Amino acid sequence: MWLFILAELTVFALLILAFSVTQQLKPQLFGQSRQLLDTSTGLAMTLSLLSAGLLAALAQVQVRQGQSRRAAWLLLAAMLVACVYVGIKLGEYRHLLGAGLGIEHNTFFTLYWILTGFHFLHVLLGLLILAWLALTAWRHGYGPERCSGFESGVLYWHMVDLVWVLLFPLVYLIG
Amino acid sequence: MSIANPHLKFASQAVAKPYFVFALILFLGQVLFGLIMGLQYVVGDFLFPVIPFNVARMVHTNLLIVWLLFGFMGAAYYLVPEEADRELHSPKLAILLFWVFAAAGVLTILGYLLVPYAGLARLTHNELLPTMGREFLEQPTITKLGIVVVCLGFLYNIGMTLLKGRKTTVSMVMMTGLIGLAVFFLFSFYNPGNLARDKFYWWWVVHLWVEGVWELIMGSMLAFVLIKITGVDREVVEKWLYVIIAMALITGIIGTGHHFFWIGAPEVWLWVGSIFSALEPLPFLAMVMFAFSMVKNRRREHPNRAATLWAKGTTVTAFFGAGVWGFLHTLAPVNYYTHGTQLTAAHGHLAFYGAYAMIVMTLISYAMPRLRGLGEAADERSQTLEVWGFWLMTLSMVMITLLLTAAGVVQVLLQRWAEDGSALPFMSTTEQLRGLFWARLVSGVGFLAGLVCYLLSFRQRARAALRAPARVVPS
């Protein structure tokens, strides 16, 4: 899983690098385009993802203590909290598309859609992984001695969180 | 029926042999046509009008694809029964499909050589379902349908063997790759009139084969041979295989975007293609680390040192050919200048040889001594000859690649990079590259010499080969 996460982070690193370099080359375009984004929901989205991360970490503590049913409940809570992010993001995408700011609008929006879209897909995959973990935990598939699969899944979610924490200021705020 | 071969775990694995033999015959044909073209680059009317350049090129590339397919099928017929721990579902079907595929292949190549291409299209009623006329997919529609039938029969045979037997990661990955190969080939029947759309889906066959599902096939074949020759635990090998596959699919599938740069697709592909395909060297790097660490941690000294050399060699050559040489021109700003130059040819040659020709030869090298009833390995003399073949072919291909790379760089500088007005036209540029093309031709002859060495290594007839059990490495 660590190697897989390393590969994923390398992709994101390249995407972030591409965004930063292009921003340096076209500061004006990026500045103007960024004005069109709504930053007011940023805090809510960040809190949503980070709280889900916290709940997943707490679930892991429960698994280590042999409380897999509790872990499953905590993961369910994590998924519900993460759905706030999904809802807000979908609303943002709909708003942008309605305003004609699609992926072909300009270079800023091309990169905006690639970067946030790719991350969004990772959130969805992360949710699927959390759901799988919750289901297996509910069926007592994990225990204090056999929780490496669980840890790997939670690790993936933390990676999704980490990327967002880097992405959000880069795309929405800095510049 | 001949006496059962004691060196095969299952008698039905023997069906792999005709596939391997025919693959190598076609490989020889491919190299000969490569040499014809190499000469046509410098002596333009060589063999004209009997074999024009475009026909030679078509035969060269089509033979490559077909011999690799024969190699993959032979590999699957050898590997899957052993992994599934049972006889092949139907050896008779495998032999029947061999003859169907071989006949279709030979007829198609003869069609290319004996009938003008437009005439071949008329003769095979291309108008009913037009699929001809596209690079690498030049086969008449009837041949394409034949390939589908052969693939279906092949997948049925392999699939039934797997379903009834033990399911290992190696065989499941192989099966996934082979199913992907068959599914993506179906896009060769989709031939929209709009050229941009045509190219878009054409790459779904070409790219998703070589930079997608074929990597799964390569990974599983490599894993199989490494398990056999190193004796390393299956669990360790499987973990590596998962990593390689995950990386190959993450980078390879979206990496298709690097073919959508200048064909009329939206601009977003410039970004997507550049970024994702920039990581395509990673799975190949993982394969290098995989092969070398498995050989280093081996539990046994396998007598087939040639197979070990092929296994290590294929990963290194694939990493440079597919990984490094692919990366050289995958970023859109670079590709803007290098697209369709000799750099593409350089990449194509080392990548196909390193990744796919060499992995097929790795498996042939491992399996052939057993299939021929010689034991775990051929005799010392044959192996030495095979190792000579390995180095001659590989070093010649490296030279071909370096020379084509130099030609590509000169071509870009003279024809594309130069300011308007001072840029040379295509033919004048080609004239400047004559020296490099001559040197490339010489390297091509070196490659043929290597291939001849390799083929001569199969001459050993005596059955008194190495019968001693493999030595255990003292810890």
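Leu226(B) touches Val232(B), Val237(B), Ala291(B), Met294(B) and Ala311(B), once residues up to four places away in sequence are left out. This is a contact list from a predicted model. Leu226(B) and Leu75(A) are the residues that touch the most other members of the largest nonpolar core, which has 181 residues. Helix α2 of chain B, residues 53-84, gives the most to this core, with 21 residues. In soluble globular proteins, nonpolar side chains tend to be buried together.

Chain B can be taken next as a whole. Its secondary structure consists of 16 helices and two strands. The radius of gyration is 22 Å, close to the 23 Å that the globule rule gives for 475 residues, so chain B is as compact as a globular protein of that length. Along the principal axes, the C-alpha trace of chain B spans about 70 × 50 × 45 Å. Of the 475 residues in chain B, 50% are buried. Contacts in chain B between residues at least 6 apart in sequence are made up, to 80%, of pairs at least 24 apart.

An annotation covers part of this chain. In an unreviewed UniProt entry, the feature "domain: Cytochrome oxidase subunit I profile" is placed at residues 19-409 of chain B. That span is 77% helix and 1% strand, and its end C-alpha atoms lie 39 Å apart.

With 24 residues at 1.5 Å a residue, α5(B) should span 34 Å, and its end C-alpha atoms are 34 Å apart, which agrees. The buried residues of α5(B) are Thr141(B), Thr143(B), Lys144(B), Ile147(B), Val150(B), Cys151(B), Phe154(B), Asn157(B), Ile158(B), Thr161(B) and Leu162(B). An α-helix has 3.6 residues a turn, so residues three or four places apart point the same way. The buried list can be read with that in mind: it includes Lys144(B), Ile147(B), Cys151(B), Phe154(B) and Ile158(B). What covers the buried residues of α5(B) includes α2, α3 (91-114) and α6 (169-185) of chain B.

The peptide bond from Phe48(B) to Pro49(B) is cis, with omega near 5°. The other concerns Leu47(B), also in the loop between α1 and α2 of chain B. Leu47(B) has a positive phi, near 65°, in a residue other than glycine.

Chain A is built from helices, with six helices and zero strands. Read from the N terminus, its elements run α-α-α-α-α-α. The C-alpha atoms of chain A fill a box of roughly 55 × 30 × 20 Å along the principal axes. Of its 175 residues, 30% count as buried. Among contacts in chain A with a separation of 6 or more, residues 24 or more positions apart account for 81%.

Helix α5 of chain A has 32 residues and reaches 46 Å from its first C-alpha to its last, close to the 46 Å expected at 1.5 Å a residue. After α5(A) comes His140(A), with a positive phi near 60°. His140(A) is not a glycine, and it lies in the loop between α5 (107-138) and α6 (148-173) of chain A. His140(A) has 11 other C-beta atoms within 10 Å and is therefore exposed.

The two chains meet in a contact that takes 13 residues from chain A and 14 residues from chain B. On the side of chain A that touches chain B, α1 (2-25) and α5 each supply at least two residues. The largest share of that side, eight residues, comes from α1(A). By class, the side of chain A that touches chain B has ten nonpolar, two polar and one charged residues.

Terms used: Residues numbered from 1 in each chain as written. Chains lettered and ligands numbered in written order. Core = buried A, V, L, I, M, F, W, Y, C linked by C-beta atoms within 7 Å. Buried ≥ 20, exposed ≤ 12 C-beta atoms within 10 Å, placed from the backbone. Helix = DSSP H or I, 4+ residues; strand = E, 2+ residues; numbered from the N terminus. Contact = placed C-beta atoms within 7 Å. UniProt positions renumbered as here; feature names shortened; annotations may be inferred. Expected span 1.5 Å × (residues − 1). Nonpolar A, V, L, I, M, F, W, Y, C, P; charged D, E, K, R; others polar. Rg over C-alpha atoms; globule rule 2.2 N^0.38 Å.
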